[in-house]
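I opened this entry to record what I looked up in the model.

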Amino acid sequence: WLSQVTNLTCHGRRQIIIATSEGLAIRFSEDEVREIGRNGEGLIGLRWEKGDAAVGMALDESETLLTVTENGYGKRTDISEYRLQSRGGKGVINIKTHGRNGHVVGIVSVKDSDQLLLVSSGGKMIRMFVEHISVIGRNTGGVRLMKLDEKERIVAVEKLASENGGVAPGGKKGQPESPPGSPPAQKAPKEKNDEKPRQDDIILA
């Protein structure tokens with residue numbers, strides 16, 4: 001149900017994407033969601049199988065959709081790869097969730113100038129530039145975004161949008177300004193035998 005996912009500001013001209021924990025996603029036109037009262041139960045956005053659940057909703061306000069799984073893996077995919085369907089369908093495969101990936105924890109509509117913040121169950125945070133995450137196909141497994149300890153999981157994903165069009169104070173494009181009080185995102189040394197392509201990141205204390 002749409003009312004159980006999140007709230008987004010819409011103007012009737014966008015397309016909505018809903019994702020589930022088992023790796024499915026649906027994209028449909030916003031004009032299929034009629035306006036109802038505050039106490040309404042909402043409308044069916046995606047019909048999933050028993051045991052699945054909606055974990056995120058995004059608008060097609062950027063060209064790519066970022067998907068993150070609980071075991072620290074994720075990917076960016078062109079939104080155009082999610083074919084437009086009618087509201088209430090079963091959707092398409094968004095990302096593979098078996099094996100190393102685990103369940104999906106969230107989706108975000110992103111562009112290259114954005115930054116990404118991940119939070120783990122162990123209290124760790126990692127911030128990275130979205131442009132360093134490869135854009136790959138829809139029905140794939142993605143790449144490692146964050147290294148986790150045993151039994152540690154990703155519990156939250158948030159986009160840190162640039163406030164100056166993706167140009168840092170020094171004038172280098174693709175490095176957005178950091179939020180006040182937040183250390184700048186940096187590149188960590190690559191490790192041997194890690195997933196390819198490797199994501200640049202830093203662990204924040």
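I began with an open sheet of four antiparallel strands, ordered β8-β4-β5-β11. Strands here are DSSP E runs of at least two residues, numbered from the N terminus, and two of them pair if DSSP finds at least two bridges between them. The edges are β8 (104–110) and β11 (143–144); each has a single partner strand, so one side of each lacks a neighbour in the sheet.

I noted that the model is predicted: local features need pLDDT of at least 70, side-chain atom pairs count only at pLDDT 80 or more, and totals for chains, interfaces and linings use all residues. Numbering starts from 1 along each chain as its sequence is written, and side-chain values use heavy atoms, with hydrogens and water left out.

Next I checked β4 (residues 64–69), which six bridges join to the antiparallel β8. Thr67 has Ile107 of β8 as its bridge partner.

I then listed the elements: the protein has 13 strands and zero helices. Of its 205 residues, 43% are buried (under 20% relative accessible area, 1.4 Å probe, protein chains only).

Last, I took the contacts of Val68 (heavy atoms within 4.5 Å): leaving out residues up to four places away in sequence, they include Tyr73, Val105, Leu118, Leu145 and Val157.

Technical notes: Buried < 20%, exposed > 50% of the residue type's maximum accessible area, 1.4 Å probe, protein only.
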